[in-house]
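Here are my notes from a walk through the model you sent over.

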Amino acid sequence: MDINFKEYLQKIKAFAFDVDGVLSSDCIPLSESGDPMRMVNIKDGYALNLAVKLGYPVAIITGGRTEAVRRRFAALGIKEIYLGAHTKTVQFGEFIGKYGLTAEEVLYMGDDIPDYDVMRMAGLATCPADAAPEIKAIAHYVSDRRGGMGCGRDVIEQVLKAQGRWMADREAFGW
């Protein structure tokens, strides 16, 4: 689908994100017990929290299963957190159904092959700068930021600016 990215930003009503390689780096250290540990970007967190406060539905759809991921994103106000997602289109469908959205109204950000099908469904498919080549090939927008380094903030900020909602009220100036 050939779209005008800047114009399409105005149509977005919701966001969905992968975690590993998007909201965290694609290099994950392992704890002594073998559990993956992730670093997250505070600016991504701010933007996710602001989107929630402004009323945008936000979903986390990840193959990861660690409780730390759920706690991190729940603390930002995100209610739709899908862990252990093997076929992300299923969770994406649940998310849009729950909020009465169409796929065309959702911005999705992914970085690797498990995101391919859901990115083909979403109205606005985006990815970080270091996404897999196959993902970059189908993305409507490739952020100039790498996974875990503010790419989530990049796309949320662009949507809110296009819709006149970035720093538009007091909600922007706090957690």
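Before the points, one cut-off: buried means under 20% relative accessible area, exposed means over 50%, and partly exposed is what falls in between. By that rule Glu67, at 41% relative accessibility, counts as partly exposed. Also bear in mind that this is a predicted model.

1. Let's stay with Glu67 for a moment. Glu67 forms a salt bridge with Arg70, and the closest N and O atoms are 3.5 Å apart. Both residues belong to helix 3 (residues 67–75), where they sit three residues apart, about one turn of the helix. Residues three or four places apart point the same way in an α-helix because there are 3.6 residues a turn. Arg70 has a relative accessible area of 32%, so this residue is partly exposed as well.

2. How many salt bridges does the structure hold? There are nine. Another one pairs Arg146 with Asp130, again with the closest N and O atoms 3.5 Å apart. This pair links distant parts of the chain: Arg146 is in the loop between strand 6 and helix 7, while Asp130 is in the loop between strand 5 and helix 6 (133–138), 16 residues away. Arg146 has 49% relative accessibility, so it counts as partly exposed.

3. Next, Arg145 and Asp144. Their side chains meet in a salt bridge at 3.8 Å, N to O. Salt bridges with shared partners also join Asp18, Lys88 and Asp115 into one network. Back at the Arg145 pair, Arg145 is partly exposed, with a relative accessible area of 32%, whereas Asp144 reaches 62% and is therefore exposed.

4. Now turn to helix 7 (residues 151–162). This helix has twelve residues and reaches 17 Å from its first C-alpha to its last, close to the 16 Å expected at 1.5 Å a residue. Is helix 7 largely enclosed or open? Ten of its twelve residues are buried, so the rest of the structure largely encloses it. The buried residues include Cys151, Gly152, Val155, Ile156 and Leu160, but also Arg153, Asp154, Glu157 and Gln158.

5. What covers those buried residues of helix 7? The cover includes helix 1 (5–8) and helix 2 (42–53), along with strand 1 (14–17), strand 4 (106–109), strand 5 (124–127) and strand 6 (141–142). Just after helix 7, look at the backbone of Gly164, which takes a positive phi of about 70 degrees.

6. Which side chains make polar contacts with the Asp154 side chain? One is the side chain of Ser143, at 2.6 Å, and another is that of Gln158, at 2.8 Å. Leaving aside neighbours within four places in sequence, Asp154 is in contact with Tyr141, Ser143, Asp144 and Arg145.

7. On annotation: the unreviewed UniProt entry has a "binding site" annotation that covers Asp20. In the model, Asp20 lies in the loop between strand 1 and helix 2. Its relative accessibility is 21%, so Asp20 counts as partly exposed. The Asp20 side chain is joined to the side chain of Ser24 by a polar contact of 3.3 Å.

8. Have a look at Ala16 too, which is found in strand 1. Ala16 is at 0% relative accessibility and therefore counts as buried. Not counting residues up to four places away in sequence, Ala16 touches Ala59, Ile61, Phe92, Phe95, Val106, Leu107, Tyr108 and Met109. Ala16 and Ala122 are 106 residues apart in sequence, and their C-alpha atoms are 9.1 Å apart in space.

9. Last stop, Gln91. This residue is in helix 4 (residues 88–98). Is Gln91 buried or exposed? At 14% relative accessibility, Gln91 counts as buried. Its contacts, leaving aside neighbours within four places in sequence, are with Ile61, Tyr82 and Ala85.

Methods:
Residues numbered from 1 in each chain as written. Predicted model: local features only at pLDDT ≥ 70, side-chain atom pairs only at ≥ 80, totals over all residues. Heavy atoms only, no water. Helix = DSSP H or I, 4+ residues; strand = E, 2+ residues; numbered from the N terminus. Expected span 1.5 Å × (residues − 1). Buried < 20%, exposed > 50% of the residue type's maximum accessible area, 1.4 Å probe, protein only. Contact = heavy atoms within 4.5 Å. Polar contact = N/O pair within 3.5 Å; in protein donor to acceptor, adjacent residues only side chain to side chain. UniProt positions renumbered as here; feature names shortened; annotations may be inferred. Salt bridge = Lys/Arg side-chain N within 4 Å of Asp/Glu carboxyl O.
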